[in-house]
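Biologist: Please show me the model, and let us go through the terms used to describe it.

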Amino acid sequence: MKSQVRKYKTTGGFSTIGLPLLAAMVFSAAACGTTPSSENATSRGDQEGRTVEGSEIQVSLPEGANQARMSVRGLSCPLCAHNVDVQLLRMKSIKQVEVDLGTGLVLVDFDPNEPPSADALARAVRNSGFTVEKIEFHAKTGVNGDE
Amino acid sequence: MNKLISLAAVLLCAWIVAPASGQQATFAPAAVQPSADVWQFRQLVGYTRLKDRSADDPATIDRWETRSIISYGLTGDLALVASIPSVVRVSRDDLSGDRDTVGGIEDITILGQWRFWQDDSGATDTTRLALLFGAEVPTFITPLSSESVDPIVGIAATHITGRHSFNGGVRYKLNTGGPDKRMMAGDGGHDALFADVNYLYRIAPAAYGPDTTAATYLVSEFSFVYETNGDTEGRLGLGILYEARTWAAEVAVQFPVWRDLRYRPEPGVSIVVGIRFLF
């Protein structure tokens with residue numbers, strides 16, 4: 001097989017199968033349309049973590065608090081959301097993380113003797129690539145964790 | 001028999017973990033990346049048949065590639081991505097019937113991906129922009145290597161809203177030299193501009209909920225390349241992506257839509273399967 005540069009015949013043009021497929025893709029994508037966002041909140045926040053302007057971060061812990069409930073934005077997809085699990089479970093006192101992709105609710109169970117700070121939780125979510133809107137601490141009780 | 005063993009060896013050697021990002025199409029980058037101190041691994045295996053239509057040396061080329069892509073999150077916004085392609089190429093002279101087999105690791109691409117803008121507007125809705133920067137470094141494996149360090153710069157965008165995901169990107173590869181060998185776009189001695197757009201539609205589930213552990217997407221992509229020697233090519237990709245919490249699997253085919261190629265063989269239909277893991 002020769003290895004030197006060789007000239008090829010010009011073969012410009014659309015292939016017989018590619019053009020109809022491309023047209024179908026363009027028209028179907030246009031027909032699907034997009035769902036307009038319901039909010040226009042920014043995602044820029046303080047240096048400790050990405051938060052939404054006007055977000056609610058509860059800084060004081062009620063007595064016996066062992067669960068944090070966070071409202072997180074931008075979770076995107078199941079694989080993406082797993083980044084949240086990874087970052088939170090690396091924190092020392094975190095026992096369990098549950099992520100609801102439908103609402104963005106992230107439940108974090110922790111050791112009440114070593115509660116994480118709101119800043120640390122926000123930072124973990126920031127490091128996972130998402131935005132924290134709200135953090136609340138609760139004392140989870142009962143078998144199913146109901147208050 | 002030796003060639004079969006070589007093929008198997010290349011494919012097995014390349015079967016190392018390969019990085020993956022969610023809602024990322026098969027052939028193009030997106031503004032998604034692993035989080036801080038997280039590894040992502042993605043392994044792609046593909047086949048393309050090319051036609052060399054030169055008047056004096058026409059040939060049919062079967063090209064198998066396994067590509068291992070390893071990503072690591074340096075911070076929440078900055079990731080490092082290494083792409084390692086292994087190739088086996090069998091060329092058959094259409095006139096004489098002679099066959100020639102070449103195999104080995106092609107040049108390795110190392111990119112930084114910096115997500116510099118992000119707007120998370122809903123539980124799963126987001127818009128993101130990322131800067132891509134790095135280079136293709138040579139392996140000096142003849143004749144697969146360009147034997148030159150070729151800088152790459154680009155930008156990728158992702159917009160996810162509801163069941164729809166749109167990604168797009170542009171990359172420019174500056175070829176600094178090396179032998180003027182050409183097989184695939186951007187492999188030769190001329191600069192190349194790559195532009196991609198793709199659309200993913202989540203076919204299941206209709207809505208995310210607390211029990212959601214996986215999602216399935218239909219993927220459509222259009223990839224365009226322009227080389228400064230005048231070669232241009234546009235390709236359409238269609239595929240399916242299944243994504244769970246810690247892994248994903250994909251299959252896609254790619255068709256030629258437009259091409260004006262004077263300096264390299266014409267790639268035909270490509271078939272790619274892949275798997276992704278997140279650690």
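Biologist: Why is Trp117(B) called partly exposed?

Modeller: Buried means under 20% relative accessible area, exposed over 50%, and partly exposed in between (1.4 Å probe, protein chains only). Trp117(B) has a relative accessible area of 37%, so Trp117(B) is partly exposed. This is a predicted model: local features need pLDDT of at least 70, side-chain atom pairs count only at pLDDT 80 or more, and totals for chains, interfaces and linings use all residues; side-chain values use heavy atoms, without hydrogens and water. Residues are numbered from 1 along each chain as its sequence is written, with chains lettered from A and ligands numbered from 1 in the order in which they are written.

Biologist: Where does Trp117(B) lie?

Modeller: Trp117(B) lies in strand β5 of chain B (strands are DSSP runs of E, at least two residues, numbered from the N terminus). β5(B) gives the largest share of the nonpolar patch, 3 residues.

Biologist: What makes Cys77(A) and Cys80(A) a disulfide?

Modeller: A disulfide is a covalent bond between the sulfur atoms of two cysteines. The rule asks for a pair of cysteine sulfur atoms within 2.5 Å. Cys77(A) and Cys80(A) have an S to S distance of 2.1 Å and are joined by a disulfide. By this rule the count over all chains is 1 disulfide.

Biologist: Why is the disulfide called right-handed?

Modeller: The torsion about the S-S bond of Cys77(A) and Cys80(A) is about 80°, so the disulfide is right-handed.

Biologist: Are these cysteines buried or exposed?

Modeller: Both Cys77(A) and Cys80(A) are buried.

Methods:
Helices (H or I, at least four residues) and strands (E, at least two) are DSSP runs, numbered from the N terminus.
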